[in-house]
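Okay, thanks for coming, everyone. Let me put the model up, and then I'll walk you through a few spots I picked out.

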Amino acid sequence: MGCPIKPEHQDKAFYSVSKDHIVVPTKEQFVDGESFYGTLLHEMTHSTGSEMRLGRLKAAVFGDSEYAREELVAELGSALVCQQNGISKHVKGDSAAYLKAWLESLEESPDFIRTVMSDVKKATAVINFRMQEVNRQLENGQEVRPYTVDDACLDPTLVVEAPFKENPKEEAKE
């Protein structure tokens, strides 16, 4: 159930759905550590959408609305985890290209931002849960073990979430 991270001396970062692994350039190829971790967290957010994790990823073609939506989830997820860990996150240059698709989706469905943020919340919970588990293993001098099905029973993202609804305002009684 783990998603291996494979740093390689090349110039592309991606999550492979078919191989369930992340390929990222080596840390030395980035201008700074923050850029490396921001990119890695972006790809980690994509990996949370696999069928064996949160089941969020849908068949998409570069540039279509599903692709743009998943890029928004990955960018926001990466930014949130970076912020939670004191890492400065620089917005990807190509994110601006997706803005049009995001705005169109928002116009078509007011629910768009709610569902995106729900997916971001779940994805970051998976990443944070795993980061805490790895940190705990390292602090205890243990070998870091892969994420397993047994870990899933402790995973906070597997708790059923009630859909967001605004609480109705109570009318003032006279």
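This is a predicted model: local features need pLDDT of at least 70, side-chain atom pairs count only at pLDDT 80 or more; totals for chains, interfaces and linings use all residues.

So, Ser35: with a relative accessible area of 18%, Ser35 is buried, where buried means under 20% relative accessible area, exposed means over 50%, and partly exposed is in between, using a 1.4 Å probe on protein chains only. Ser35 sits in helix H1. Leave aside the neighbours within four places in sequence, and Ser35 is in contact with Phe30 and His90; contact here means heavy atoms within 4.5 Å.

Residues are numbered from 1 along each chain as its sequence is written, and side-chain values use heavy atoms, with hydrogens and water left out.

Now the overall layout. The protein chain has five helices and three strands; helices (H or I, at least four residues) and strands (E, at least two) are DSSP runs, numbered from the N terminus. Along the sequence, the pattern reads β-β-β-α-α-α-α-α. There are 174 residues in the protein chain, and 37% of them count as buried. If you take the contacts with a separation of 6 or more, 51% of them are between residues 24 or more positions apart.

Back to helix H1, which covers residues 33-47. His46 is in that helix too. Is His46 buried or exposed? His46 counts as buried, because its relative accessibility is 8%. Not counting residues up to four places away in sequence, His46 touches Tyr15, Arg56, Leu57, Glu70, Glu71 and Ala74.

Some of those names come back when we look at the next helix along, H2, residues 65-84. How do H1 and H2 cross? Their axes come within 8 Å, at roughly 125°; axes are lines fitted to C-alpha atoms, for helices over the stretch in contact, and angles run from 0 to 180 degrees between N-to-C directions. That makes H1 oblique to H2: under 35 degrees counts as roughly parallel, over 145 as roughly antiparallel, 65 to 115 as roughly perpendicular, and the rest as oblique. The crossing of H1 and H2 is right-handed, meaning the near helix is turned clockwise from the far one by less than a right angle, with anticlockwise being left-handed.

Who does the touching? On the H1 side we have Gly38, Leu41, His42, Thr45 and His46, and they meet a set in H2 including Glu70, Ala74, Gly77, Ser78 and Val81. By class, that contact has five nonpolar, six polar and three charged residues. For the classes, Ala, Val, Leu, Ile, Met, Phe, Trp, Tyr, Cys and Pro count as nonpolar, Asp, Glu, Lys and Arg as charged, and the others, Gly among them, as polar.

H2 itself has 20 residues and reaches 28 Å from first C-alpha to last, close to the 28 Å expected at 1.5 Å a residue; the expected span is 1.5 Å times one less than the number of residues. Among the buried residues of H2 are Arg69, Glu70, Glu71 and Glu75. After H2 comes Gly86, with a positive phi near 70°.

H1 has another partner, H4. The axes of H1 and H4 come within 9 Å and cross at roughly 115°, and the two helices are therefore roughly perpendicular to each other. This crossing is right-handed. Leu41, Met44 and Thr45 of H1 make the contact with Ala123, Ile127 and Met131 of H4. The class count here is five nonpolar, one polar and no charged residues.

H4 runs over residues 112-139, so to speak its 28 residues reach 40 Å from first C-alpha to last, close to the 40 Å expected. Gly141 follows H4, again with a positive phi, near 70°.Val134 is found in H4 and is partly exposed, at 21% relative accessible area. Val134 and Arg145 are 11 residues apart in sequence and 7.9 Å apart in space, C-alpha to C-alpha.

Past the end of H4, Val144 is in the loop between H4 and helix H5 (149-152). Val144 is partly exposed too, with a relative accessible area of 35%. Leaving aside neighbours within four places in sequence, Val144 is in contact with Arg130, Val134, Gln137 and Leu138.

Last one: Asp20, in the loop between strand E2 (14-16) and strand E3 (21-25). Asp20 is not a glycine, yet its phi is positive, about 50°. At 9% relative accessibility, Asp20 counts as buried.
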